[in-house]
Amino acid sequence: MELTFEGKGSRWALLIAALIVASFFSFHAIRLWIADYRINSDSLSSIQRGVALEPGNAAAWDTLGRFEQLDFVAGDPGEAVKAFQKAVQKDPLSAYYWMNLAGAYEAVGDIAHARDAFQQARNVYPLSAQVAWNYGNFLLRQQQSAEGYAQIQLAVRSDPSLLPLAISRTWRSSHDVDMLLNQVLPADQDAYFQALDFFASAQQAEPGLVVWQRLMSLGKPIALPRSFPFLDELIRQDRSTDASRVWHEALRAAGFSHQEPQNGSLIWNGDFTGEFTNGGLGWRWDNLIGIAIDFDSPIPGHAGRSVRLDFGGGSNPEINKPLEYVPVEPSHNYHFRGYIRTESITTEHGMLFWIYDPNNSNAVNLRTEGLVGTHLWNAVEFPVVTGSQTHFLVIGLLREPSRLFDNKLSGSVWIADLSLVPAGDDEPGAKR
């Protein structure tokens, strides 16, 4: 049977029906747009009117709840709870909404319902790091430390980006490094290094040493530069014995073959056989524009290598490296020896060795004669007496900026075979 719309009445009826349908959908589209516009405004009253237009929208109720919490003028914590309750009613499978409801319950002092809401969030998303993190912090606020730290450990295992926050919060709430290691951090290298970095930045050497020992107990290879921030803090705190031990353990864990100098020198890699570590208790150097640095042949008849610096003649730099931090004993006698050679060094400020105490001003401050022009290999040696509070010496190359009009530095300098050896008690003292 074929339907036809031949009469005017039929065509008008079809047009009217189409207009009614279009109007219906247009009305709802406009209504949705108005509701969305109001819900995404920054006015609590507008959000409330938007939610009234979309009462089945869980996200709208959640937005309203958050604004009820945040609006200190018109907001109402009790109304926030009701809004979040509506959100989880509309979407009970959102762990996010359940956590917001838990926070609202806690804000009004309803701890039992807050705990229930967190449990619902865990049931919905048991593997969520964010749920475990928020629940763990909630438990800590309720003085349930063991359960709280267990949840935080689950969180950082799932999301390692939470580690720095977990470390800082645990330490500041408990000041118990054993609790941090045993109940919060996973037993892995990265977690321990992040804890070590935290304690270095917080200037907390003692708990840092505990973390270091736990790190070494893993028996795994490490990247040597990861130990540098903590070693720098040990140097800053004048803990020479601890720094020396950590340095040697770090070298072994990093796979560096290290043999103590046969002459008993305290300078690590004083013959420059190894590469610069650029941190820790090894040689340090900063790349400077116009200065080239490389290893070169040793002194004739000596082992190892020399270090050569070439200056391009385009600048008037201050040079205080290469340098090395050397652990020493207070009020002790030492003997320094180093070799230096120059070729065509310009300006009146030449190249010299500088030995000083980095943490105690003027306790030790020794400089050799500055060499300009050309000099063959020259042995420089003298006694060094440490101060009563001296635990580190810095030994390095120095050139101060020239004050002359023609002050551009050019030429080359070599250094080699540096040693600092404990001397007998009858060693003459050095000028300080």
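## Cavity

On a 1 Å grid over the protein atoms alone, a cavity is a set of points where a 1.4 Å probe fits but cannot get out; lining residues have an atom within 4 Å of a point. Grid points are joined across faces, edges and corners, and the volume is the space filled by probe spheres set on the points. The model is predicted: local features need pLDDT of at least 70, side-chain atom pairs count only at pLDDT 80 or more, and totals for chains, interfaces and linings use all residues. Residues are numbered from 1 along each chain as its sequence is written, and side-chain values use heavy atoms, leaving out hydrogens and water.

Searching the whole structure gives one cavity of 30 Å³ or more. The largest cavity holds about 30 Å³ of space. Its lining consists of D271, P298, I299, H302, A303, R305, A416 and D417. Four of these lining residues are nonpolar, one is polar and three are charged. Here Ala, Val, Leu, Ile, Met, Phe, Trp, Tyr, Cys and Pro count as nonpolar, Asp, Glu, Lys and Arg as charged, and the others, Gly among them, as polar.

## Nonpolar cores

A nonpolar core is a set of buried Ala, Val, Leu, Ile, Met, Phe, Trp, Tyr and Cys residues joined through side-chain atoms within 4.5 Å. Buried means under 20% relative accessible area, exposed over 50%, and partly exposed in between (1.4 Å probe, protein chains only). The largest core has 55 residues. L185, V211, W212, F230, L234 and W247 have the most contacts inside it. Helix 11 (residues 189-201) gives this core its largest share, eight residues. Helices (H or I, at least four residues) and strands (E, at least two) are DSSP runs, numbered from the N terminus. A second, separate core has 32 residues, including F272, I291, F382 and L397.

Contact means heavy atoms within 4.5 Å. Leaving aside residues up to four places away in sequence, L185 touches Q153, L163, I167, L180, A191, Y192 and A195.

## Helix 13

Helix 13 spans residues 228-236. Its buried residues are F228, F230, L231, E233, L234 and I235. They pack against helix 11, helix 12 (205-217), helix 14, strand 3 (323-327) and strand 8 (392-398). Just after helix 13, D238 takes a positive phi of about 65°.

## Salt bridges

The whole structure contains 17 salt bridges. Each is a side-chain nitrogen of Lys or Arg within 4 Å of a carboxyl oxygen of Asp or Glu. Side chains of opposite charge can pair when their charged atoms come close.

E79 bridges to K82, with the closest N and O atoms 3.4 Å apart. The two are three residues apart in helix 4 (residues 77-90), so about one helical turn separates them. E79 is partly exposed at 34% relative accessible area, and K82 is partly exposed at 49%. In helix 14 (residues 240-253), R245 and D242 are also three residues apart, about one helical turn. Their closest N and O atoms are 3.9 Å apart. R245 is partly exposed at 31%, whereas D242 is buried at 17%. Both belong to a salt-bridge network of E206, R239, D242, R245 and E249.

R308 and D296 meet in a salt bridge at 3.6 Å, N to O. This pair links distant parts of the chain: R308 lies in strand 2 (residues 306-312) and D296 in strand 1 (residues 291-296), twelve residues apart. R308 is partly exposed at 28%, and D296 is partly exposed at 26%.

Definitions and conventions
On a 1 Å grid over the protein atoms alone, a cavity is a set of points where a 1.4 Å probe fits but cannot get out, and a pocket is an open set with protein on both sides within 12 Å along at least five of seven lines; lining residues have an atom within 4 Å of a point.
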